[in-house]
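Subject: Structure handover

Hello,

I am passing this structure on to you. Please open it alongside this email and follow the notes as you go.

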Amino acid sequence: MKLDRDLIRAILLDVEARPPTQFQSAAVELDGWTEEEIGYHLMILGEAGYLEVEDVGYLGRELAFEATRLTYGGHEYVDTIRDPEVWRRTKDAAGKVGSSGLQALLEIGKAVGKQIISERLGVDI
């Protein structure tokens, strides 16, 4: 299965939006993606250290993971790619260089964010 950048972003934003009292694992349900796609991407985000996830495959589903919370790295990641303009330009840049790894997207997002700040404020960062 290919890594879906938009699904990664959607999952992180979804988990971040949960109330702080909901630190028990919960299923992530997003329109436009299957349970298998979401489960795979939850697993990847857990392996990358951006989310704490729980394997609930024992419930008879394959690739069944639920999110518990964002880690510090997950918060940093979602803060970097939250702005729709930063996200659009990050995806464009990643497509031009043929890179879609999570760490590469984070680094590109940081560079794009700095560029946008410079453009909006008229100062070099």
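Below is what was found, element by element.

The model is predicted. Please keep that in mind throughout.

**Helix α1**

Start with helix α1. It covers residues 5-16, twelve in number. Its first and last C-alpha atoms are 17 Å apart. That is close to the 16 Å expected at 1.5 Å a residue.

Look at the start of α1 next. A side-chain oxygen of Asp4 comes within 3.0 Å of the backbone nitrogen of Asp6.

Which residues of α1 are buried? They are Leu7, Ile8, Arg9, Ile11, Leu12 and Val15. Their cover includes α2, β1, β2 (65-70), α3, α4 (84-97) and α5 (102-121).

**The core**

Now the largest nonpolar core. It holds 28 residues. Ile11, Leu12, Val28, Leu42, Leu45, Leu51 and Tyr77 touch the most other members. Two or more residues each come from α1, α2, β2, α3, α4 and α5. Which element gives the largest share? That is α5, with six residues.

Beyond its neighbours within four places in sequence, Leu45 contacts Ile8, Ile11, Leu12, Tyr50, Leu51 and Leu102. Ile8, Ile11 and Leu12 in that list are among the buried residues of α1.

**The aromatic pair**

How many aromatic pairs are there? The count is one. Tyr50 and Tyr77 form it, and the pair is tilted. The ring centres are 4.8 Å apart, with 55 degrees between the planes. Tyr50 sits in the loop between α2 (35-47) and β1 (51-55), while Tyr77 belongs to helix α3 (residues 72-81), so the pair ties together parts 27 residues apart in sequence.

Are these two tyrosines buried or exposed? Tyr50 is buried, at 7% relative accessibility. Tyr77 is buried too, at 1%.

**Salt bridges**

Side chains of opposite charge can pair when their charged atoms come close. The whole structure has eleven salt bridges. Here are some of them.

- Asp6 and Lys91: the closest N and O atoms are 2.9 Å apart. This pair links distant parts of the chain, with Asp6 in helix α1 and Lys91 in helix α4, 85 residues apart. Asp6 is partly exposed at 33% relative accessibility. Lys91 is partly exposed at 25%.
- Asp14 and Arg18: the N to O distance is 3.4 Å. Asp14 is partly exposed at 26% relative accessibility. Arg18 is buried at 14%, because buried means under 20%.
- Arg82 and Glu16: the closest N and O atoms are 2.6 Å apart. Arg82 lies in the loop between α3 and α4 and Glu16 in helix α1, so the pair ties together parts 66 residues apart in sequence. Arg82 is partly exposed at 31% relative accessibility. Glu16 is partly exposed at 26%.

There is also a network. Salt bridges with shared partners join Glu85, Arg88, Arg89, Asp92 and Glu119.

**Two more residues**

Thr90 first. It is in helix α4. Is Thr90 buried or exposed? Thr90 is buried, with a relative accessible area of 0%. Leaving out neighbours within four places in sequence, Thr90 is in contact with Leu105, Ile108, Gly109 and Val112.

Then Asp55, found in strand β1. Asp55 is partly exposed, at 47% relative accessibility. What does Asp55 touch, not counting residues up to four places away in sequence? Ala64 and Phe65. The C-alpha atoms of Asp55 and Gly39 are 9.2 Å apart. These two residues are separated by 16 residues along the chain.

**Where to look**

Begin with the buried residues of α1, including Ile11 and Leu12. Go on to the tilted pair of Tyr50 and Tyr77. End at the salt bridge between Arg82 and Glu16.

Best wishes

Terms used: Residues numbered from 1 in each chain as written. Predicted model: local features only at pLDDT ≥ 70, side-chain atom pairs only at ≥ 80, totals over all residues. Heavy atoms only, no water. Phe/Tyr/Trp six-rings, centres within 6.5 Å; stacked < 30°, edge-to-face > 60°. Helix = DSSP H or I, 4+ residues; strand = E, 2+ residues; numbered from the N terminus. Buried < 20%, exposed > 50% of the residue type's maximum accessible area, 1.4 Å probe, protein only. Contact = heavy atoms within 4.5 Å. Expected span 1.5 Å × (residues − 1). Polar contact = N/O pair within 3.5 Å; in protein donor to acceptor, adjacent residues only side chain to side chain. Core = buried A, V, L, I, M, F, W, Y, C linked by side-chain atoms within 4.5 Å. Salt bridge = Lys/Arg side-chain N within 4 Å of Asp/Glu carboxyl O.
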